[in-house]
Amino acid sequence: MRQKHHTKLLVRLSYLIITALLIIPPALLNSHEALAVSGEGYIKWVDFDVTADILRAAVKYDIESYEASNNDSSIQHAELVTLVALAAVKYGGDFSHCKTDDIKTFAERIMAGEKPEDITSSQKNYEYFLEAYGAALGGFMGNYAVPDGDGLSKRYGLKVFSPIAGGYYYNDYDDFGAARSYGYRRPHLGHDMMGSVGTPIIAVESGYVEACGWNQYGGWRIGIRSYDGKRYYYYAHLRKGHPFNDIYEGKQISAGEVIGYLGMTGYSAKEDTNNIDTPHLHFGVQLIFDQSQKDGWNQIWIDLYEYTKFLSKLRAEVYYDSSTKEYYSKSAIIDLDAPD
């Protein structure tokens, strides 16, 4: 954990150096305290250290408490983000010491009627972590529907998928903050998932296509914004010649839908060029608390190693349609929380 924390400090230092070169005075932030909220009123940095095991435990108790509360009005719903925020306060944002029993205890206390504000040891830090992890995990849980015979089956639970389709092999490691040199030296602000060219790429969460097309760094890439505007999902280095599956800016996308195909494009100003050594998906998640952060100097990209480890058990099944020569999902959901 010490090495990982050192890497993240280097990433933050890179932000500060780039900011200084642009002659923009940054606020020096402490990522594990409520001081991460700047004078401008929005969060400037989030260290995402939530482990896959803690996420799974929080999801388990979220669903169990939701079902229990529907059967007994005296039982309170212990939501995923609330449980993670309470754990973050207890351990100062360092989830390496957090146990699944901590999540169970918090859930049981909330279900029994205690308010999260009365459980936490610091109201100020709880409010920060609630907003920070609400931005990162806000689209995970909710109401959705899936086809069931001639109708739809309505459900409550997870509404997210792995970006790699089911049945396709990939490998990865925690490469967040690693050095990159194409164009200029910079830290790697995403997560590389190595696989085979043509592997179907899945929309992790429902939302709107905000960007698609060529970028010399990411090659063929897709950017999808969550409905609440807090998360920007970035999928890059897609396949040469046929990167997308019916994707265009402004399109509404369902979680689990096939959006494109893994490739090795990018690192070239010339469009549709393979200049990446190893086929892989560059997957990134940017958190946005203020619209100025979207393309500004103070962007927040989070470490996705544990995040994708959690999603690895949520793989969308796909099938091939020979008439269109495209892959389609068998698992895409209908998001009942989506705006009309």
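This is a predicted model: local features need pLDDT of at least 70, side-chain atom pairs count only at pLDDT 80 or more; totals for chains, interfaces and linings use all residues.
The protein chain holds seven helices and 16 strands. Of its 340 residues, 52% count as buried. The accessible surface comes to about 15600 Å², and carbon and sulfur atoms account for 49% of that. Contacts also reach across the sequence: among those between residues at least 6 apart, 64% join residues at least 24 apart.

Helix α3, spanning residues 80-90, is a handy place to start with the helices. Ten of its eleven residues are buried, so α3 is largely enclosed by the rest of the structure. The buried set runs through L80, V81, T82, L83, V84, A85, L86, A87, A88 and V89. As for what covers them, these residues pack against α2, α4, α5 (116-119), α6 (123-137) and β1 (141-148). Just after α3 comes G92, which takes a positive phi of about 60°.

Packed helices are described by the angle between their axes and the distance between the axes. For α2 and α3, the axes come within 8 Å and cross at roughly 135°. The crossing of α2 past α3 is right-handed. On the α2 side the contact uses L55, A58, V59, Y61 and D62, which meet L80, L83 and V84 of α3. By residue type, this contact has seven nonpolar residues, no polar ones and one charged.

The pairing of α3 with α4 has axes that come within 10 Å and cross at roughly 120°. These helices are therefore oblique to each other as well, and their crossing is right-handed. From α3, the residues involved are T82, L83, L86, A87 and K90, while α4 supplies D102, I103, F106, A107 and I110. Seven of the residues in this contact are nonpolar, one is polar and two are charged.

The remaining pair is α2 (residues 52-71) with α4 (residues 100-111). Here the packing angle is about 20° and the axes lie 9 Å apart. With the cut-off for roughly parallel set at under 35 degrees, α2 and α4 are therefore roughly parallel to each other. The crossing of α2 and α4 is right-handed. Helix α2 brings D53, I54, A57, A58, Y61, S65 and A68 to the contact, and α4 brings T100, I103, K104, A107 and M111. The tally for this contact is eight nonpolar, two polar and two charged residues.

Some residues turn up in more than one of these contacts. A58 and Y61 of α2 are listed in the contact with α3 and also in the one with α4. On α4, I103 and A107 take part in the contact with α3 as well as in the one with α2. L83 of α3, for its part, meets α2 and also belongs to the contact with α4.

Most residues other than glycine have a negative phi. D272, though not a glycine, has a positive phi of about 60°. D272 sits in the loop between β11 (258-261) and β12 (280-287). With a relative accessible area of 24%, D272 is partly exposed. K325 is likewise not a glycine and has a positive phi of about 60°. Its place is the loop between β14 (318-321) and β15 (326-329). At 59% relative accessibility, K325 counts as exposed.

One more loop residue, I247, lies between β9 (231-236) and β10 (252-253). I247 has a relative accessible area of 12% and is buried, as the cut-off for that label is under 20%. Leaving out residues up to four places away in sequence, I247 touches V209, C212, I222, I253 and I259. I247 and A211 are 36 residues apart in sequence, and their C-alpha atoms are 9.5 Å apart in space.

Notes:
Residues are numbered from 1 along each chain as its sequence is written. Side-chain values use heavy atoms; hydrogens and water are left out. Axes are lines fitted to C-alpha atoms, for helices over the stretch in contact, and angles run from 0 to 180 degrees between N-to-C directions. Helices (H or I, at least four residues) and strands (E, at least two) are DSSP runs, numbered from the N terminus. Angles under 35 degrees count as roughly parallel, over 145 as roughly antiparallel, 65 to 115 as roughly perpendicular and the rest as oblique. A crossing is left-handed if the near helix is turned anticlockwise from the far one by less than a right angle, and right-handed if clockwise. Contact means heavy atoms within 4.5 Å. Ala, Val, Leu, Ile, Met, Phe, Trp, Tyr, Cys and Pro count as nonpolar, Asp, Glu, Lys and Arg as charged, and the others, Gly among them, as polar. Buried means under 20% relative accessible area, exposed over 50%, partly exposed in between (1.4 Å probe, protein chains only). Accessible areas come from the Shrake-Rupley method with a 1.4 Å probe; for residues, only the protein chains shown count as cover.
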